[in-house]
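Subject: Structure for you to look at

Hello,

I am passing on the structure we spoke about. My notes follow it.

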Amino acid sequence: MISQEQLQEIRDNLEMSQNPLFLFDNDVDGLCAFLILQRALGRGKGVAIKSFPDLKEQYLGKVDEFNSDSVFVLDKSDISPEFVDGCVERNVPITMVDHHPCETSKEVLEKISYYNSLPSAEPTTYIAQSVFKKKEDRWLAMIGCTGDVFTPDFAQDFEQENPELFNSSISAFEALHTTEIGKVVRMLNFGLMDTITNVVKLTKYLFTAKSVYDLLEENEYTKQFHKRYSELFEFYKKQVGKAVDGIDTDSPIIFFTYSGQMSMSSEIANRLYFLYPEKLTVVCYKRPDKVNVSIRGKRALEITKKSVDGIEDATGGGHVEATGARIPIDGFEEFKANVLSLVNSPQ
Ligand SMILES: [Mn+2]
């Protein structure tokens with residue numbers, strides 16, 4: 001949990017900046033945290049971070065391009081020393097807001113303002129909403145929090161005003177899979193998997209949107225967004241169907257591998273974990289050189305850490321029950337063997 005004092009510090013850092021650059025994790029929590037801060041402040045530029053596992057030096061190019069006077073890093077656990085040193089040289093302060101276990105070194109942390117909601121780990125969107133507490137942005141906060149499987153304290157109020165959009169009496173995980181807010185989470189996650197031009201158009205539209213209905217409704221601004229969603233939703237349904245067909249009911253694990261059009265392991269894994277909560281779900285998107293993996297289950301973090309250990313250039317981490325990993329193709333068979341042996345061994 002972030003203290004009132006820390007929230008005030010984040011707010012001060014934002015208000016001192018005339019032209020902030022928001023670098024956010026490329027998912028719904030990161031996106032909504034950015035939108036909430038940008039809307040409340042009324043200024044700033046936003047760019048989704050595509051580098052993995054850390055925020056890399058290449059993003060200094062954005063600081064220069066936008067002539068930013070401060071940087072806010074949202075929902076990302078690791079930031080490279082080269083990026084931080086580049087900002088120090090430019091006299092651009094960095095504020096980092098996150099809820100993952102910190103992967104950034106101590107020397108780097110001393111050069112930036114760092115805030116983390118651990119151990120309670122409320123999503124970055126929730127922290128962002130707590131900074132300005134604007135009621136008109138609550139719908140965005142509902143989307144970002146649900147995207148990270150968290151029910152915020154204002155969910156009941158939101159439901160009272162929008163009973164058709166949310167249900168606060170079920171778990172956040174069920175809400176992600178059964179409510180309209182959950183559907184919008186998927187729509188936005190798929191919307192982020194589009195060309196940079198289309199993502200920029202979408203975030204510009206979201207800067208002025210008034211409610212969930214501005215996204216659900218098809219109009220000239222949301223046309224491309226809806227088109228992208230239905231294309232990717234077809235692919236997603238197909239992969240989930242294949243995974244379900246291949247399930248061994250007696251096995252404690254679903255190990256599903258796919259390739260093609262688009263990497264959406266996180267979305268597929270979320271669905272399978274919802275359908276089979278007792279199993280460990282491992283979803284792997286195979287590229288020629290590496291594999292993107294999403295893992296869900298009660299022992300997800302433990303098994304992820306142990307499985308990547310010792311495999312050269314393999315990385316992985318995240319939350320207790322939801323993680324991601326990247327494995328070089330040469331290490332994939334070893335990774336798979338590690339996962340299978342761990343899932344069958346007691347903790
Ligand atoms: Mn997050």
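Which domains does the domain assignment of the protein give? The assignment lists domain 1 (1-133), domain 2 (134-247) and domain 3 (249-343). Please keep in mind that this is a predicted model.

I looked at how domain 1 meets domain 2. Their C-alpha centres are 23 Å apart. On the domain 1 side, 21 residues are in contact with 19 residues of domain 2. Three elements of domain 1 each supply at least two residues of the side that touches domain 2: helix H2 (28-41), strand E2 (45-49) and helix H6 (124-132). The largest share of that side comes from H2, with 10 residues. Sorted by class, the side of domain 1 that touches domain 2 has 11 nonpolar, five polar and five charged residues.

The other item is a pair of helices, H6 and H7 (residues 138-147). The two pack at an angle of about 155°, and their axes are 8 Å apart. Angles over 145 degrees count as roughly antiparallel, which is why H6 is described as roughly antiparallel to H7. The crossing of H6 and H7 is left-handed.

Which residues make the contact? From H6 they are Thr125, Tyr126 and Gln129, and from H7 they are Ala141, Gly144 and Cys145. By class, the contact of H6 with H7 has three nonpolar residues, three polar and no charged.

If you open the model, the contact of H6 with H7 can be found from Tyr126 of H6 and Ala141 of H7, both among the residues that make it.

Regards

Key:
Residues numbered from 1 in each chain as written. Predicted model: local features only at pLDDT ≥ 70, side-chain atom pairs only at ≥ 80, totals over all residues. Domains from an automatic or database assignment. Contact = placed C-beta atoms within 7 Å. Helix = DSSP H or I, 4+ residues; strand = E, 2+ residues; numbered from the N terminus. Nonpolar A, V, L, I, M, F, W, Y, C, P; charged D, E, K, R; others polar. Axes fitted to C-alpha atoms, helices over the stretch in contact; angles between N-to-C directions. Parallel < 35°, antiparallel > 145°, perpendicular 65-115°, else oblique. Left-handed = near helix turned anticlockwise from the far one by under 90°.
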